[in-house]
Amino acid sequence: MLFTPAPVVPDWPYCGDGVTSGDRAGCIGRCVDPHSSCLAHLSGLERESHLAGLNAGDDVDYRGTFFTDRLLGQVLDALNDPATNHPRLGDACFASATFAGDADFGSASFAGDADFEAARFAGVARFCAAAFAGRAWFNLATFSREAQFDSVTFTGTAAFESATFTGLARFHSAVFTGEVWFLLAAFSDAAVFISATFTDAGFRAAAFAGDAHFNSATFTGDARFPSATFAGTAQFRSAAFTGTADFKAAAFTGDARFHEAVSATDASFASAAFTGNAWFDSVTFTGFAGFDATSFAEDVDFRAAVFERAGEVGRCSAPRRCCCRGRGSAGP
């Protein structure tokens with residue numbers, strides 16, 4: 001007997017356009033009140049009426065809706081704030097929405113919660129200089145092309161758990177005031193967090209297939225990278241860790257560069273594996289620096305490193321060539 005998977009039926013009132021039999025959900029776009037169709041399938045007059053009724057700061061709910069770049073542009077134009085000439089949204093729900101073209105939310109402000117869980121971005125996703133005042137959810141979101149979050153501000157919790165970034169992921173100068181989670185996130189191309197500011201940051205088991213750029217990033221709370229994998233070059237040059245820096249069991253396949261980084265509290269690389277070269281030259285470890293069971297397959301450089309809690313650097317495997325001339329401790 002041929003197995004037919006059950007239809008994906010959402011838990012919101014959905015459009016259903018395209019249903020050909022009784023066991024298919026059809027379009028899952030949320031119906032626009034008081035209509036029985038989603039925004040994409042409203043008649044021309046119905047859509048015009050809906051858009052005309054929107055004002056800056058309104059809550060919107062477009063779960064499961066299929067957006068062309070033109071349709072999204074019409075929505076954001078309707079939500080434009082004349083005082084700033086940028087879109088302003090209240091609670092914004094785009095969960096499971098599909099953005100077929102480029103999605104340009106640049107400079108938009110989200111005054112409430114923003115839900116993009118399981119959203120699919122087929123084109124470029126632009127959130128540069130956007131401001132999220134509430135929670136921002138991008139869990140399970142798929143970014144098929146470039147994801148641009150440069151200079152974005154997240155005041156509340158930001159969640160990118162299990163998000164997939166196929167193209168370049170840009171978070172240059174992003175500010176995360178609340179917690180941010182990239183648990184199990186997958187970066188197929190480069191991930192750019194240069195000069196980003198984090199409070200509590202969680203990258204547990206995140207997979208970086210391309211280069212990971214965290215140069216000059218600031219972590220004012222804990223920075224958690226346990227079991228993260230770095231297949232390309234991992235760049236943490238001049239990064240500042242005020243809270244705990246946790247890289248336990250992380251895997252660095254490419255080169256790892258921590259030149260001139262500063263760890264103000266504890267830092268742990270226990271059981272981490274460095275397959276490429278590792279540079280810790282001129283790094284400052286103010287608290288405990290743990291390298292127990294750390295393995296270095298290639299060259300490792302600790303020249304001019306400062307270990308302020310002498311003698312607390314654990315044992316690690318003997319690297320191929322080790323330059324351990326740190327001040328305050330003999331190094332691993």
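What share of the contacts in the protein chain with a separation of 6 or more comes from residues 24 or more positions apart? In this predicted model, such residues account for 17% of those contacts. The chain itself has two helices and 45 strands, and of its 332 residues, 47% count as buried.

Inside the chain, the count comes to one cavity of 30 Å³ or more, and about 60 Å³ of space lies in the largest cavity. Its lining includes the phenylalanines Phe241, Phe247, Phe258, Phe269, Phe280 and Phe285, together with Ala245, Ala261, Ala267, Val283 and Ser263. By class, that lining has ten nonpolar residues and one polar residue, with no charged residues.

The pockets can be taken in turn. The largest pocket has a volume of about 210 Å³ and is lined by 14 residues, among which Arg30, Val32, Asp33, His50 and Asp61 lie nearest its centre. Helix H1, spanning 44–52, and strand S1, spanning 60–61, each supply at least two residues of this lining, and H1 gives the most, with three residues. Sorted by class, the lining of the largest pocket has six nonpolar, three polar and five charged residues.

The second largest pocket, with a volume of about 170 Å³, has a lining that includes Asp69, Leu72, Gly73, Leu76 and Asp77, as well as Asp102, Asp104 and Phe105. Helix H2, residues 69–78, gives the most to this lining, with five residues, and the lining as a whole divides into four nonpolar, three polar and four charged residues.

Conventions. Residues are numbered from 1 along each chain as its sequence is written. This is a predicted model: local features need pLDDT of at least 70, side-chain atom pairs count only at pLDDT 80 or more; totals for chains, interfaces and linings use all residues. Side-chain values use heavy atoms; hydrogens and water are left out. Helices (H or I, at least four residues) and strands (E, at least two) are DSSP runs, numbered from the N terminus. Buried means under 20% relative accessible area, exposed over 50%, partly exposed in between (1.4 Å probe, protein chains only). Contact means heavy atoms within 4.5 Å. On a 1 Å grid over the protein atoms alone, a cavity is a set of points where a 1.4 Å probe fits but cannot get out, and a pocket is an open set with protein on both sides within 12 Å along at least five of seven lines; lining residues have an atom within 4 Å of a point. Grid points are joined across faces, edges and corners, and a volume is the space filled by probe spheres set on the points. Ala, Val, Leu, Ile, Met, Phe, Trp, Tyr, Cys and Pro count as nonpolar, Asp, Glu, Lys and Arg as charged, and the others, Gly among them, as polar.
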